[in-house]
Structure formats: structure tokens, C-alpha cells
Amino acid sequence: MRLRQSRRARHPGEGMWMTLNVLALAVGLTAPTAAIAQDASRPPGSDPFWERWKLRVSGYLPTSNTSLRFDAADGRIGTELDFEDDLGIDERKFLPAFDLSYRFNERHRIEGSYFSIGRDGTQDLEIDIDFGDTEFSRDTEVDSFFDTDIYRVSYSYSFVNEPNAEFGFLAGLHLVDVDMGIATAVGNIRREPSLTLPLPVIGLHGGYAFSPRVSLNGRGQVFALEVGRYSGVLFDLFASLQYDFSPHLGLALGYQLYDANGSVQGEDVDFEGEMDFVYYGPTLSAIARF
């Protein structure tokens with residue numbers, strides 16, 4: 001039985017291209033100012049914190065913790081579920097991630113990123129559960145999945161940008177697209193809600209170069225807001241140690257924590273309830289600068 005048949009079709013590269021298209025549009029609108037602002041005394045690529053374009057392609061191996069309560073439309077409170085323990089979905093899974101940035105000059109840049117985590121599992125239920133308006137009984141074998149697509153676009157301003165150090169603030173938007181589902185293994189009972197959360201964020205970024213080839217980089221972003229039927233908190237923390245083989249190519253070993261929790265209340269929504277998902281783990285990145 002294939003649980004995901006009713007999900008909307010998605011091309012494997014859709015998320016990356018959506019992010020790149022948004023970034024390209026922003027670059028097109030602002031590119032005329034870049035030529036004016038260029039500093040001929042410090043050409044792009046001359047140090048770790050000044051390039052025109054930067055592409056990061058990463059392998060990410062996060063550990064995942066997912067808890068969720070899906071309430072019924074008539075107001076009945078759903079069962080608090082741990083998707084890893086109660087439903088047996090994968091706790092760890094390797095995935096790719098993509099980041100692209102464009103600097104107008106040393107102090108201003110726009111950047112976008114995308115990563116997607118898709119996990120599933122099969123398990124006999126140890127408790128009766130209410131998932132939305134659907135009930136699943138104890139000892140029933142169920143298939144489940146929890147998929148997350150995360151898009152990030154932000155603007156960054158550097159208060160400090162020198163050949164050996166950078167520090168500044170950033171502001172932007174995270175779009176979190178969640179699909180989930182539970183179905184009995186024989187296929188006669190199923191429920192597959194989805195949810196899209198637009199989350200504005202603010203944060204800080206910085207870096208320090210120990211030498212022209214070795215640098216430490218990081219960022220931290222937060223969100224805490226209540227708007228209409230949505231409320232939630234988001235933390236996005238990332239740090240990496242980078243080694244540049246040349247002005248154009250490098251490798252970086254990093255660590256990322258992504259923690260989002262929120263609630264949705266109101267009528268005419270596909271999902272009403274609360275969820276909390278945390279992804280944390282190491283990254284290994286190939287970096288192109290030009």
C-alpha cells in the first residue's frame with residue numbers, strides 16, 4: 001500500500017528552483033546599484049568575506065524529533081503523538097541542502113536556501129489515537145510519513161566587513177511546507193493533512209578568518225509571533241569551519257539546528273492543532289565563490 005499516492009506531485013528540484021527564482025528576481029531589481037558600489041581596491045574573491053556569488057551544496061545528516069497534535073474539526077482534542085516513537089518514522093536521514101547568495105557590495109547581500117526532509121515508517125500502534133477526525137485503534141499496523149520543505153530568503157547587512165572579519169544583521173522569510181499522513185496498512189482508513197507556514201525572521205551573522213584560507217562562519221535567526229490563526233517560535237542556528245583551496249573553491253564542516261513549533265486555530269484550515277519539529281546534526285559542504 002502506497003500512502004503517498006494522494007499527495008500533490010512535486011518535482012525533486014522544485015524547492016531549489018523556487019528559491020533560486022526568488023533570489024534571481026531580487027538580484028535583477030537591485031543589480032544596477034552593484035556596479036556603482038563596487039570597490040576596485042578590494043576585488044571580489046580577494047578574501048573570505050567578499051565575493052559576488054556564493055553557492056553552497058551540502059550534505060546534511062540531521063537527527064529529528066517530531067511531536068504533533070491534530071485536532072478534529074468539531075473541537076475534539078487530538079492525541080499527542082511522537083512520530084518517531086509512536087509511529088516509527090525514521091529518526092535520521094541523509095539529505096541535500098542548497099544555499100545561494102549574491103553580494104551587491106561588501107556590506108549588502110541577499111541569500112536563499114532550501115532543504116527538504118522526507119521520512120516514513122510502519123509500526124503497530126501501542127495506543128488508540130485520534131488524528132484529526134480519524135481514529136486508529138491500538139494494535140493496528142499503520143504507515144505514516146512526515147515531510148518538510150523549508151525555503152529561506154533573507155537580506156543581510158554587514159556592520160563590519162573586513163578581509164579578516166564580518167558581522168551584521170539579517171532579516172527575511174522562512175516558508176515551511178509540511179505534509180504528513182497516517183493510514184492503516186490495509187488501506188481502508190487514512191488521513192493526510194498539510195500545512196504551510198510563512199515565518200518572518202530576524203537574526204545575526206558573522207565570521208572570522210584565522211588565515212586567508214581558514215575561516216569560521218555562523219548565523220542565528222529567530223521568530224516569535226502570533227498572527228491571526230497562526231502562532232509559533234522558530235530557531236535556526238548554523239556554524240561552520242571553512243577551508244578555501246583557492247579564491248573560488250572550498251570545503252566546510254558545520255552543524256545546524258532547526259527548531260520550529262507552532263499552533264494553528266481557526267475554521268477552514270486543513271490542519272488545526274500543534275506541532276513541534278527539531279532537526280539537528282552535522283553538515284559537509286562544497287563551496288563555489290565567484
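Okay, quick definition before anything else: a nonpolar patch here joins Val, Leu, Ile, Met, Phe, Trp or Tyr side chains within 5 Å, taking residues with over 30% relative accessible area and no salt bridge. And keep in mind that what's on screen is a predicted model.

So, with that in hand, which residues make the nonpolar surface patch? They are Tyr155, Phe159, Val160, Phe167, Phe169 and Leu204, and together they cover about 520 Å². Two strands matter for this one: strand 8, running 141-162, and strand 9, running 165-184, each give the patch at least two residues. Strand 8 has the largest share, with three.

Let's zoom in on one of them. Phenylalanine 167 sits in strand 9. Is it buried or exposed, or partly exposed? Its relative accessibility is 41%, so phenylalanine 167 counts as partly exposed. That also clears the over 30% cut-off for patch residues.

Now for the charged part of the surface. There's a negative patch too, and its members are Asp124, Glu126, Asp128, Glu135, Asp139 and Glu141. Where do the aspartates sit? Take two of them. Aspartate 128 is in the loop that links strand 5 (108-124) to strand 6 (129-131). Aspartate 139 is in another loop, the one between strand 7 (134-136) and strand 8.

As for the surface, aspartate 139 has a relative accessible area of 61%, so it counts as exposed.

That's my tour; over to you for questions.

Technical notes. Residues are numbered from 1 along each chain as its sequence is written. This is a predicted model: local features need pLDDT of at least 70, side-chain atom pairs count only at pLDDT 80 or more; totals for chains, interfaces and linings use all residues. Side-chain values use heavy atoms; hydrogens and water are left out. Patches are made of residues with over 30% relative accessible area and no salt bridge: like charges are joined within 9 Å, nonpolar side chains (Val, Leu, Ile, Met, Phe, Trp, Tyr) within 5 Å. Accessible areas come from the Shrake-Rupley method with a 1.4 Å probe; for residues, only the protein chains shown count as cover. A salt bridge is a side-chain nitrogen of Lys or Arg within 4 Å of a carboxyl oxygen of Asp or Glu. Lys and Arg count as positive and Asp and Glu as negative; His and the chain ends are not counted. The place of a charge is taken as NZ of Lys, CZ of Arg, CG of Asp or CD of Glu. Helices (H or I, at least four residues) and strands (E, at least two) are DSSP runs, numbered from the N terminus. Buried means under 20% relative accessible area, exposed over 50%, partly exposed in between (1.4 Å probe, protein chains only).
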